[in-house]
Every structure is written in C-alpha cells, then in structure tokens.
Amino acid sequence: MQTKQTVSIIGSTGNMGSAIARSLAKGNYRLLLLSGPNNTADSLADEIKSLNPGAEVESIDCCYNASWEADIIILAIPFGEEFAMAEKIREVANQKIVISIANPLNGTYDGLSTSPDTSAAEQLQKLLPNSKVVKAFNTSFSTNFNQPVLAGKQTDAFIAGDDEEALNLVSDLVETTGFNPLIAGPLSMSRTLEGMQLLLVQLNIKNEYNWQAGWKILHN
Amino acid sequence: MYELFFKSLNEKIALTKEEEEIIKSYLTPKKLRKKQYLLQAGDVCKAIAFVEKGTLRAYSTDEKGNEHIIQFALEGWTISDLYSFITGEPAQYHIDALEDSEIVLITKSAQDEILKRVPKYETYTRMQLTGAYMAMQRRLTSIISLPVEERYIQFISIYPDIAQRVPQHMIASYMGLKPETLSRIRKKIASK
C-alpha cells in the first residue's frame, strides 16, 4: 500500500508503546503518539525523527483527536485502563482497527484476572462494538522489539481477530516491526494468546531469561 | 461529525431514527490534515468519502509529474475513485485534502451492509450517482465545445465557492489550462 496509514499509539510513552512506535517509524506509517497524563511524547517523537529523518511522527495530547485522525489505533495501555479509554474514543473509533496488546495479568503475575471464557481483547470488543478489535503484540516483551531474532530465529508474533481485512493490515504492521506475523484465528483465540504470555512471563521469572525470550512455532 | 451527511441523506430519503443509527454504526469518521492523502494512485479505493468539513481533490499525474485535477469536493460532496471502488482495481487518482478536513468514509463492505439493512439507501446512492453523472456530462460538454473564456465564466457561476477557496493554479489544472493562460483569461474578463 502506498497511501500512508495513520497509526495512533495511545500509551506511547510506556515500554511497549515506545517500542512499537520506534519499530513502526521504519515503515510507511504516519504516527501520532499520545502523551500520558503525567508525561509528554514530545521527546519520543524527536528521538524517532532524529533516528529516522523521513519518519512522519508527532506527539498529540488528545486521545479523541488522535483516534479521529487514525486508521489504526493501538491501545498500549494496561488492561485496567482500557475500559475508561474505550468510553473516550468509542465514537471516533467506529469501524476502525483497534489493536489490543494488553495481558490481563493479576497483581502477582501468577494468573489472569479475566475468567476463562473471555479475554482482554473480547472485553474490549464488547466496549467498542463497531470497531475491529485485533489482538497483537501481546506475546512479545518490549525488549524483543530491539532484537526480534532470538537464538537465531525470528520470533513469531500472533494475531487474532474476526475481520479478515483488519487481520491482513495488522499482519503488515507486525511485519514492519521485525516479527514474523502469524494469524492465530478469531478474536476468541486471544484467550490462548493471553495465557501464552502468562506462561512466558512465569518462565522468564523462573529461568531468568532476562526478558530475552519469545515464541516460535517450529515446523517442517 | 455526521451532521451534513445525514442532512444530505434526509433531503433525499427520509430516515427514521433507527435507520440513522443502523447507518451510523457502519460509518468511519476521519480527520485529514491539509495536504494529507486519503488515497494514492495504485492503491485500491476502499471507501467513498463524504466531506463534512474542508476541501478535497482528486487528480491524476502524468509522466512529467503534472497534476490534472478531475474533481474538487467541498462540504456536502462525495469523492472517490469510483472505478477502483466498484471494481477493486488499483486507483488511477490521488485524493488529498486542500484544507484540514473532516470526512465520513463508507467502505464497500459497509455500503453492502447498509444496503441490506436499509434498502432505501439504494435510492440515495442512485440519486448521488445520477447527480455526479449529470455534472460529468456538463463538464465534458463544456470542455469539448465551449471557448475557454466561457468555460471559466460558467465554472465560477456554477461553483463560486470553489473559485473562492481553491488556489488559481488548481482551477487552471481542473480546466486543463496552464496557470498563465487562466490568469490571462481572468484579466480579460475583469477588463470587460
């Protein structure tokens, strides 16, 4: 696609949000970085522009306008904040792709706070019934974005959603960041994907991977 | 956000509140900054854009990089690469914003769903297309049969608001003239 898609990253100053922003700046996207309540995305935008002089990136301080301008909205915010944000952007996110990256881990990182018959992504879809919610980036650590190749293998990034065109667009976006995009299935597959990250977090803590771990489906 | 869009619809087909809500659920609201592309030639035109605020234009570029404007769209107008939208083939036209703009996008799949659930929307699309076809016939007749001076006079009388809001070199491009030719014509008309 030649026409630049506008991607708004809500929560762009967090670990995941800034890692996604830096990676996407290499692609054919126009990035709007939303500042948080206590911090601005100005310095991140400046840093990205200095590293990628051709990048079209700017900070913005209103989530409503950022979502209104967007073709794709990335919610790089904790699960607990998604509900309030969905209320704010619902009207302008109508029919748009909204990427849910959140993992609903509990406070002690040993379980999920959602019940087994749902997921963070499906709950977001309920809050944004006319948006195309897609699960992506939730099975990667923010540290992976610097180095998506682990043990000589390009790590997989799983994607789940119910709209085929949205899945393909998000797949392109994931590929830009250097991961191998793998469409896992419908949005309900997010239950498994969110569980997979719980497992990876636990293994990371137990085996001291130092956040240098990721998923790869091996096949012949 | 959708005021003009529903005004335009209700002028042609009276909608119930329920029908408005159904249609609204399929619309994509979008803001464009000045000079931002909505579509670049070569991509498939996935949506028809209705202008709520601002101005857009559709144009092709030739081998020398010259722009040839096929259409302007002000508030209340629609704009697209219709051939690409209908066939799914790559677009021939670029569409960009001449001012900061607010638009409403109706994608192909959204249109199909609206047509299924609100059948009278078909009447609206037919009226829109008929209107566009008539305007295109007039424009073609004007280009092939009128002297340039009369063409310009006709243009500013039919579209005074475009003449006011769009730079002269773009109007020249729309008329298939060099900017200096248009400038000469305008001086000639002014001196009469």
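At 56% relative accessibility, B:Ile86 counts as exposed (the cut-offs: buried is under 20% relative accessible area, exposed is over 50%, partly exposed is in between, with a 1.4 Å probe and protein chains only). B:Ile86 belongs to helix α3 of chain B, residues 82-87 (helices are DSSP runs of H or I with at least four residues, strands are E runs of at least two, and both are numbered from the N terminus).

Together with B:Leu82 and B:Leu129, B:Ile86 makes up a nonpolar surface patch with about 280 Å² of accessible area. For a patch, residues need over 30% relative accessible area and no salt bridge; nonpolar side chains (Val, Leu, Ile, Met, Phe, Trp, Tyr) are joined within 5 Å, like charges within 9 Å. A salt bridge here is a side-chain nitrogen of Lys or Arg within 4 Å of a carboxyl oxygen of Asp or Glu, and areas come from the Shrake-Rupley method with a 1.4 Å probe, where for residues only the protein chains shown count as cover.

## About the model

This is a predicted model, where local features need pLDDT of at least 70 and side-chain atom pairs pLDDT 80 or more, while totals for chains, interfaces and linings use all residues. Residues are numbered from 1 along each chain as written, chains are lettered from A and ligands numbered from 1 in written order, and side-chain values use heavy atoms, leaving out hydrogens and water.

## Aromatic pairs

Over all chains there are 13 aromatic pairs (Phe, Tyr or Trp rings, the six-membered one for Trp, with centres within 6.5 Å; planes under 30 degrees apart are stacked, over 60 edge-to-face, the rest tilted). One of them is A:Tyr64 with A:Trp68, edge-to-face at 5.9 Å centre to centre and 70° between the planes. Both sit in helix α3 of chain A (residues 63-69), four residues apart, or about one turn. A:Tyr64 is partly exposed at 25%, whereas A:Trp68 is buried at 10%.

In chain B, B:Tyr2 and B:Phe6 also go edge-to-face, at 6.3 Å and 85°, and both are buried. Ring pairs also tie B:Phe72, B:Trp77, B:Phe155, B:Tyr159 and B:Tyr174 into a cluster.

B:Arg57 lies over the face of B:Tyr59, 3.9 Å from the ring centre (the test: NZ of Lys or CZ of Arg within 6 Å of the centre and within 35 degrees of the ring normal). B:Lys108 has its charged end over the ring of B:Phe85, 6.0 Å from the centre.

B:Tyr59 turns up again among the contacts of B:His68, alongside B:Ala58, B:Ser60, B:Asp62 and B:Ser173, leaving aside residues up to four places away in sequence (contact means heavy atoms within 4.5 Å). B:His68 sits in strand β5, residues 67-73 of chain B, and is partly exposed at 36%.
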